[in-house]
Amino acid sequence: MSLEIISQNKSFGGWHKQYSHQSDVLNCCMRFAVYLPPQASAQTPVPVLYWLSGLTCTDENFMQKAGAQRMAAELGMAIVAPDTSPRGDDVADDPAYDMGKGAGFYLNATQAPWSSHYRMYDYVVTELPALIEATFPVTQQRAIAGHSMGGHGALVIALRNPQRYSSVSAFSPITNPMNCPWGQKAFSQYLGNDREQWRAYDASELMQAAAHKLPALVDQGEADNFLQEQLKPEMLEKAAAASQFPLTLRRHEGYDHSYYFIASFIEEHLRFHASHW
C-alpha cells in the first residue's frame, strides 16, 4: 500500500506529516496525519496514540489546534489522526453536517448507499494500524482517544477491542448514541432501523456489558451546548457503575465543546496514556 506525502513540518524536534493512500477497506483515497517525536527511529520505535476527530473535522483539526506535539515529543509518543470519513466524488454524501462526508461515526455501514465506502470501524481498527506499523518506527503499543463523534468512536473501538489498546480517553464524547438525535439519525441511515444492531456502536451499552476492561478517562465541559441533548455523560457513568468499569469522568465548569477545551487538558490525556505503557 503506497503512501504519498502531502506535507511535512518539523515540530518540537519531531515531524508532523500528512499522507494520502488508497484504502481497500473504504474503497477510496484517504488522508491521515502522523506526528513522529524525536525519539522515533528504526532502533527506537515508539508507541502510538490514535486520535479520532468529531463531526465536520479532518485530520487537521487536532494536529493544528490541540497543541499536543510538545508533550508527545517529551513523552516519546507518536500520534496518528485519520480523517473522519471516506472522501471522493463517488462517495455518498448528505447536505446535512451530521451525515455523510465528515460524519462517518466510526462504524461499518450496512445500508445502501453508505455500505460501499463507510467502513470507518474496520479502517481505524485494522487497516490504518497495519499501514502505520509497517511504515513508521512505531511499536504495537496503542492507545486511542477522540472528541465528540470521535470520542464515541474511541470508546466503542476500545470497548470492542480491549486487547488492542492500553487505554482510552475522550473529550465530550457522544456516550449513548442510541438515545440522542445525532446517533439516532446516523444509525438509522448507516445501520438500518433494527435497534439491536445499534448496540454494537453504543459506548454505554458496551461498557455496561464489558467483561474485559481497560483504563478510561473522559473529560466533559459543563458549558457544552450539546451536553444534555447529545452527549449524556451520566449514561456512561451509570454503565461504568453497573460493570465496575475503571472509568474516570471529570466535569469542568465553564468549558465548552471547542478545541479551547481540548487544548486545556490534552497534556493530562497524553500523560494518562503514557502511564499505561
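## Disulfides

A disulfide is counted here when two cysteine sulfur atoms lie within 2.5 Å of each other. In general, a disulfide is a covalent bond between the sulfur atoms of two cysteines. The structure above is a predicted model. By the distance rule, the number of disulfides in it is zero.

For cysteine 28, the nearest cysteine sulfur belongs to cysteine 29 and is 7.2 Å away. The cut-off is 2.5 Å, so cysteine 28 is in no disulfide. For cysteine 57, the nearest cysteine sulfur is that of cysteine 180, at 17 Å. Cysteine 57 is likewise in no disulfide.

## Overall fold and size

The protein contains 10 helices and nine strands. Its radius of gyration is 17 Å, while the globule rule gives 19 Å for 277 residues. The two values are close, so the protein is as compact as a globular protein of that length.

## Surface and charge

Of the 277 residues in the protein, 58% are buried. The accessible surface is about 11,000 Å². Carbon and sulfur atoms account for 46% of that surface.

The protein has 20 positive and 28 negative charges. The mean position of the positive charges and that of the negative charges are 4 Å apart.

## Alanine 33

Alanine 33 is part of strand β3, which covers residues 28-36. How accessible is alanine 33? Its relative accessible area is 0%. Buried means under 20%, so alanine 33 is buried.

Which residues does alanine 33 touch, apart from its neighbours within four places in sequence? It is in contact with His16, Lys17 and Gln18, with Asp59 and Met63, and with Ile79, Val80 and Ala81.

Isoleucine 6 gives a further distance from this residue. Alanine 33 and isoleucine 6 are 27 residues apart in sequence. In space, their C-alpha atoms are 9.5 Å apart.

Technical notes: Residues are numbered from 1 along each chain as its sequence is written. This is a predicted model: local features need pLDDT of at least 70, side-chain atom pairs count only at pLDDT 80 or more; totals for chains, interfaces and linings use all residues. Side-chain values use heavy atoms; hydrogens and water are left out. Helices (H or I, at least four residues) and strands (E, at least two) are DSSP runs, numbered from the N terminus. The radius of gyration is taken over C-alpha atoms; the globule rule is 2.2 Å times the number of residues to the power 0.38. Buried means under 20% relative accessible area, exposed over 50%, partly exposed in between (1.4 Å probe, protein chains only). Accessible areas come from the Shrake-Rupley method with a 1.4 Å probe; for residues, only the protein chains shown count as cover. Lys and Arg count as positive and Asp and Glu as negative; His and the chain ends are not counted. The place of a charge is taken as NZ of Lys, CZ of Arg, CG of Asp or CD of Glu. Contact means heavy atoms within 4.5 Å.
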